[in-house]
Amino acid sequence: MSEASSAGHRRRHRGAAPEDALFDDPGRVEKLRKAVADLSWLRRRGYTPKASAELVGNRYQLTSRERLALSHASWDRSERSGELEPEELAGMRVCIDGFNLLITLETALGGGVLIRGIDGRIRDLANVHGNYSLRAETEEAIALATVELKRLKVSEVLWYFDRPVSNSGRLAALVRRWGEKLKLATEAKAVDRVDSRLRECEDVVVTADAAILDSGVRWFDLAGRIVAGRIPGARIVDLGSAGVG
């Protein structure tokens, strides 16, 4: 048993936040879907993200948590190219947005709320701004990702973690240990400018960051595949079903 596993019972779960009770209210969820549709409509017509998000948030009198969900679920495009099918990953090198993937999987495993946006991608509502703590679900999330990548027969995996975020180096070391354990060529690094490195990846990118996905990279929805196939009890709130104009 690894150090991370033996300490896991002392760690907090990445479960639902107290304010996430709002997602149990069908009326509030439907209102939020309409807000997402409105914001996406505005952004498609050239309104700036910040100004349009404030306008829509004020119109629907959204809480700060709802506004966070609104920003994650809206989208300013009608289509997104570059997505690869699972069978296309065999023999390819994969570049992973480390915190983006792991926090989503931790949230799914811990019973926290995930949202599905207009673009069909799932995203968490964790606000990690410089501070990250390993959770009870961290090692299982890493294991799930590593096992799935091995099943997909990728040739190599490179995880990037934002260096300024706390515990990034420790997390990278844990990822490398899982790569060694499952005999999958794995490198994990704590680096600066993760977004830039992902945009420069010449093979496959794993992230739910819309700006990176829309930059022309080839990408694969690893989080969505794992949640759908391995975490059937994940709590997903669909905010994209209202459609856009």
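I started at Asp221, which touches Glu83 and Arg121 once residues up to four places away in sequence are left out; I took contact as heavy atoms within 4.5 Å. Before going on, I noted that this is a predicted model, where local features need pLDDT of at least 70, side-chain atom pairs count only at pLDDT 80 or more, and totals for chains, interfaces and linings use all residues. Numbering runs from 1 along each chain as its sequence is written, and side-chain values use heavy atoms, with hydrogens and water left out.

**Asp221, continued**

I found Asp221 in the loop between α9 (210–213) and α10 (222–230). Helices here are DSSP runs of H or I with at least four residues, strands are runs of E with at least two, and both are numbered from the N terminus.

Next I looked up its polar partners. The side chain of Asp221 makes a polar contact with the side chain of Arg121, at 3.1 Å. A polar atom of the Asp221 side chain also sits 3.0 Å from the backbone nitrogen of Gly224. For the term, I used a pair of N or O atoms within 3.5 Å; within protein, one must be able to donate a hydrogen and the other to accept it, and residues adjacent in sequence count only if both atoms are side-chain atoms.

**Asp203**

Then I went to the other aspartate, Asp203, in the loop between α8 (194–199) and β6 (204–206). Asp203 counts as partly exposed because its relative accessibility is 24%. Leaving out residues up to four places away in sequence, I got Met92, Arg93 and Arg218 as its contacts. Arg93 is 110 residues away along the chain, yet the two C-alpha atoms are separated by 5.6 Å.

In α3 (residues 49–59), I found Ser52, Val56 and Gly57 buried. They lie on the same side of α3, because they cover an arc of only 130 degrees around the axis, judged by the directions from the helix axis to the C-beta atoms. Lys50 and Leu55 are exposed on the other side. The cover over the buried residues includes α2 (26–44) and α4 (64–73).

I checked α6 (residues 138–151) as well: ten of its 14 residues are buried, among them Ile142, Leu144 and Leu149.

**Cavity and pocket**

I worked on a 1 Å grid over the protein atoms alone: a cavity is a set of points where a 1.4 Å probe fits but cannot get out, a pocket is an open set with protein on both sides within 12 Å along at least five of seven lines, and lining residues have an atom within 4 Å of a point. The whole structure gave one cavity of 30 Å³ or more. The largest cavity holds about 70 Å³, and its lining includes Arg121 and Asp221. α5 (98–110) supplies the largest share of that lining, three residues.

The largest pocket came out at about 830 Å³. Of its 28 lining residues, His72, Asn100, Arg123, Ala208 and Asp209 lie nearest the centre. Which element gives the most to the lining of the largest pocket? I noted α5, with four residues.

Definitions and conventions. Buried means under 20% relative accessible area, exposed over 50%, partly exposed in between (1.4 Å probe, protein chains only). Grid points are joined across faces, edges and corners, and a volume is the space filled by probe spheres set on the points.
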